[in-house]
Amino acid sequence: MSKPIFIRNASQLVTLQGSSDAPLVKEAMSELGIIENGSLWLENGVICAVGKDDELFEKYEDRLSEAEIVDASGRLVTPGLVDPHTHLVFAGSRENEFNMRLQGATYMEIMNSGGGIHATTRRTKTASHEELFNESFERLNQFLRHGVTTVEAKSGYGMEWETELKQLEVAKLLNEKHVIDIVPTFMGAHAVPKEYKENPDAFVDLLIGKMIPKVAELGLAEFNDVFCEHGVFTPEQSKRILEAGKRHGLIPKIHADEIEPYEGAELAGEVGAISADHLLRASEKGMKAMAEKGVVGVLLPGTAYFLMAESANGRKMIDLGVPVALSTDCNPGSSPTVSLPFIMNLGCLKMGMTPAEVITAATINAAHAINRGREIGSLEVGKKADITIFNVDNYMKLQYSYGVNHTHTVVKSGKVVVR
Ligand code: NIG
Ligand code: FE
């Protein structure tokens, strides 16, 4: 049994209290529930008390000598950041494509000529379990150093059974061996393999008939995701894939309207997806459908930045009532970063979100996007003791002072893991 931890006297403690049942929308996204001179008592991996420092001092005075004291004075304390959309488990990198794009080639051109997702698929196929594990483990270390304590991870660099299985098995092992919690998603529908180029429906049949049932049977994923995009999977094919996942207990997610408007946001509403992600080119009708059904909009402004495209309209989505979350989309092609705080800065500067909204988007709303709103994402009694302490004295400064990693201390499941 580890020692209790007493985090004391934060200049601002962002609690986001009262947000466990549903993601926050509209004005509620700005209600951070800040406690000044705030403290937390953590024990057995969970939060036991949240409040003003003098109140908690009085409550735990007799037990101070048993606890590890973390002085947070002059610092900002938030829930551990949650990244709800990553392609964590992959091999290699694609800086050559970055260079090609800088000279005018587009992301889809590169993919359609056999590079892009296909290039990483070739690397991931030939990598051993151990190589994939080691590369991904190091990425998780970097996530942790940026204040992230939970990461969703998609398969999708196989698109045939052995490699999809390998990615999901590595994700499972990472969840066991790394302090970060990994939430797994099956994304066999990430691209159409070239053998199926002439008959993509046969690949959809394979996903539906074989791969989805096996993933579900083995309990290797909670979500089922599809790249619904012109030239990849059509809305009709995406719908079939997502409905098949539902029949096997996999919750739908969707890469929607990333490159071209394609009614992906509308489809997310129709199939009752937990989230629709990207949404750079989502229609107003689609946004309204999402708001109505409570589909979380997972926005990835790092991807837009890296692909030199216009970001999603986060401001409009929030004003229409879409619960918005933020994510890195960490992957080797369109967003090779682990810095969720930098993504939050882009949320402010490229999507018209406020510093308060981006904190909500990277904590509790991100937790809801991966069905973890009751366990993580806010600092409330009974929730998991996942906490990030930043070396700034207020939440606005976290975004204002940009391009700097302000992460000072990270507590994961009640243990100090970064200091
Ligand atoms: O979310 N859009 C599809 N998938 C990823 C990119 C994957 C890759 O380029 O390797 C994304 O942007
Ligand atoms: Fe993605």
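This is a predicted model: local features need pLDDT of at least 70, side-chain atom pairs count only at pLDDT 80 or more; totals for chains, interfaces and linings use all residues.
**Whole chain.** Start with everything shown. The protein chain holds 16 helices and 18 strands. Its C-alpha atoms fill a box of roughly 70 × 45 × 45 Å along the principal axes. For 419 residues, a compact globule would have a radius of gyration near 22 Å; the chain has 21 Å, so the two agree.

Colour by burial next. Of the 419 residues, 56% count as buried. Then draw the contacts between residues at least 6 apart in sequence: 72% of them join residues at least 24 apart.

**Helix 5.** Select residues 129–145. Helix 5 has 17 residues. From first C-alpha to last it reaches 24 Å, close to the 24 Å expected at 1.5 Å a residue.

**Its buried face.** Show side chains for L132, F133, S136, R139, L140, F143 and L144, the buried residues of helix 5. Now look down the helix axis. These residues fall within an arc of 145 degrees, so they line one face. The spacing has a simple basis: an α-helix has 3.6 residues a turn, so residues three or four places apart point the same way.

**What covers it.** Which elements cover the buried residues of helix 5? Select helix 4 (117–126) and helix 6 (161–177), which are among them.

**Last stop.** Click G147, which follows helix 5. Its phi is positive, near 90 degrees.

Conventions
Residues are numbered from 1 along each chain as its sequence is written. Chains are lettered from A and ligands numbered from 1 in the order in which they are written. Helices (H or I, at least four residues) and strands (E, at least two) are DSSP runs, numbered from the N terminus. The radius of gyration is taken over C-alpha atoms; the globule rule is 2.2 Å times the number of residues to the power 0.38. A residue is buried if 20 or more other C-beta atoms lie within 10 Å of its own, exposed if 12 or fewer, and partly exposed in between; C-beta atoms are placed from the backbone. Two residues are in contact if their C-beta atoms, placed from the backbone, lie within 7 Å. The expected span of a helix is 1.5 Å times one less than its number of residues. The arc is that of the directions from the helix axis to the C-beta atoms.
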